[in-house]
Amino acid sequence: LATALTSVSIAQENLKGLTIGFSQIGSESGWRAAETSVTKQQAEALGIDLKFADAQQKQENQIKAIRGFIAQGVDAILVAPVVATGWEDVLTEAKEAEIPVMLLDRGVDAPEDLYLTSVASDQVLEGRVAGEWLVKEVGDADCNVVELQGTVGSTPAINRKKGFEEAIAGHANIVIAQSQTGDFTRAKGKEVMEAFIKSSNNGADICAVYAHNDDMAVGAIQAIKDAGLKPGTDIKVVSIDAVPDIFAAMAAGEANATVELTPDMAGPAFAALSAYLADGTEPEKFIITESKLYTPADDPQGEYDRRKGLGY
Ligand code: AHR
């Protein structure tokens with residue numbers, strides 16, 4: 001079966017009727033909401049009984065949910081791990097119960113034999129693609145960048161920072177002037193951007209904002225407008241996710257670039273599980289999704305409409 005929402009084809013028969021627990025981080029961003037809805041729709045299309053647990057951003061809630069899934073004797077577990085560390089015990093418990101675990105969109109610092117597969121983007125590459133775009137965009141001009149980091153201790157925050165820094169290394173004209181977490185939320189992105197603007201000559205000293213996700217970028221855009229400046233022109237905006245709202249901002253000339261993160265992490269995970277259950281095929285340990293750059297040259301209104309049409 002190939003559902004409308006996934007590009008991978010999944011054998012439906014051996015997943016039908018399975019009970020799969022899904023420990024989701026929460027609903028901090030538009031991207032997260034899209035991943036949740038894509039996963040639920042795919043589970044339904046495949047005849048899977050998906051037990052969904054929203055952890056409200058807390059690792060302790062995720063661990064509790066996973067222990068609950070183990071106690072219920074689910075057939076498999078999906079986890080989007082909020083932070084990288086602290087998973088070894090609970091993943092070991094799942095392994096001892098012979099329940100395959102599939103990681104979605106973020107990684108963990110734990111032995112690889114504790115999970116079946118990890119479906120995620122190359123987050124260092126995402127940061128690099130964003131940084132390379134900026135390097136090209138500013139040329140030789142001096143550029144002070146402010147950075148809105150994702151959730152502290154999460155793999156996308158760590159890796160997107162690293163990749164961006166790699167891209168601007170060797171370009172002395174581009175400097176990260178300020179960097180702080182906005183926790184992947186719109187409200188925090190706005191609040192932190194307001195503080196950055198206040199401490200940077202009312203924004204005059206800022207050339208660009210690099211946000212680790214689109215939601216923080218959208219919050220930053222609002223802060224830039226509130227300060228009487230033009231986002232996209234006075235301060236360039238580059239971020240990651242490619243959710244509909246950033247395309248709306250691009251169409252309005254208020255955002256300059258985004259790197260796509262597909263919300264379809266469950267499709268490849270279900271396909272891997274299906275093959276594993278069929279004949280023990282060990283999937284790739286790391287299934288890497290694409291990281292495509294979008295700019296206003298890429299028909300932002302069309303991209304907005306397309307994503308909305310997919311229910312993102
Ligand atoms: O782990 C993926 C990141 O988590 C997305 O980029 C962000 O929007 C989400 O909160």
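This is a predicted model: local features need pLDDT of at least 70, side-chain atom pairs count only at pLDDT 80 or more; totals for chains, interfaces and linings use all residues.
So, strands S1 and S3: S1 covers residues 19–24 and S3 covers residues 76–79, and four bridges join the two, which run parallel.

What is the order of its strands? Going across, you read S2-S1-S3-S4-S5-S11. That's an open sheet of six strands, and the pairing is parallel. At the edges you'll find S2, residues 49–54, and S11, residues 286–289, each pairing on one side only. If you ignore direction, neighbouring strands here are turned by 15° against each other on average.

Now, what lies across this sheet? Helix H9, residues 266–279, lies across S3, S4, S5 and S11.

Let's move on to a pair of helices, H8 and H10. H8 is residues 244–251, H10 is residues 300–309, and their axes come within 8 Å. They cross at roughly 160°, so the two helices are roughly antiparallel to each other. As for handedness, H8 passes H10 in a left-handed crossing.

Which residues make that contact? On the H8 side we've got Pro244, Phe247, Ala248, Met250 and Ala251. H10 brings in Pro300, Gln301, Glu303, Tyr304, Arg307 and Lys308. Sort the contact of H8 with H10 by class and you get seven nonpolar residues, one polar and three charged.

Note on methods: Residues are numbered from 1 along each chain as its sequence is written. Axes are lines fitted to C-alpha atoms, for helices over the stretch in contact, and angles run from 0 to 180 degrees between N-to-C directions. Angles under 35 degrees count as roughly parallel, over 145 as roughly antiparallel, 65 to 115 as roughly perpendicular and the rest as oblique. A crossing is left-handed if the near helix is turned anticlockwise from the far one by less than a right angle, and right-handed if clockwise. Two residues are in contact if their C-beta atoms, placed from the backbone, lie within 7 Å. Ala, Val, Leu, Ile, Met, Phe, Trp, Tyr, Cys and Pro count as nonpolar, Asp, Glu, Lys and Arg as charged, and the others, Gly among them, as polar. Two strands pair if DSSP finds at least two bridges between them.
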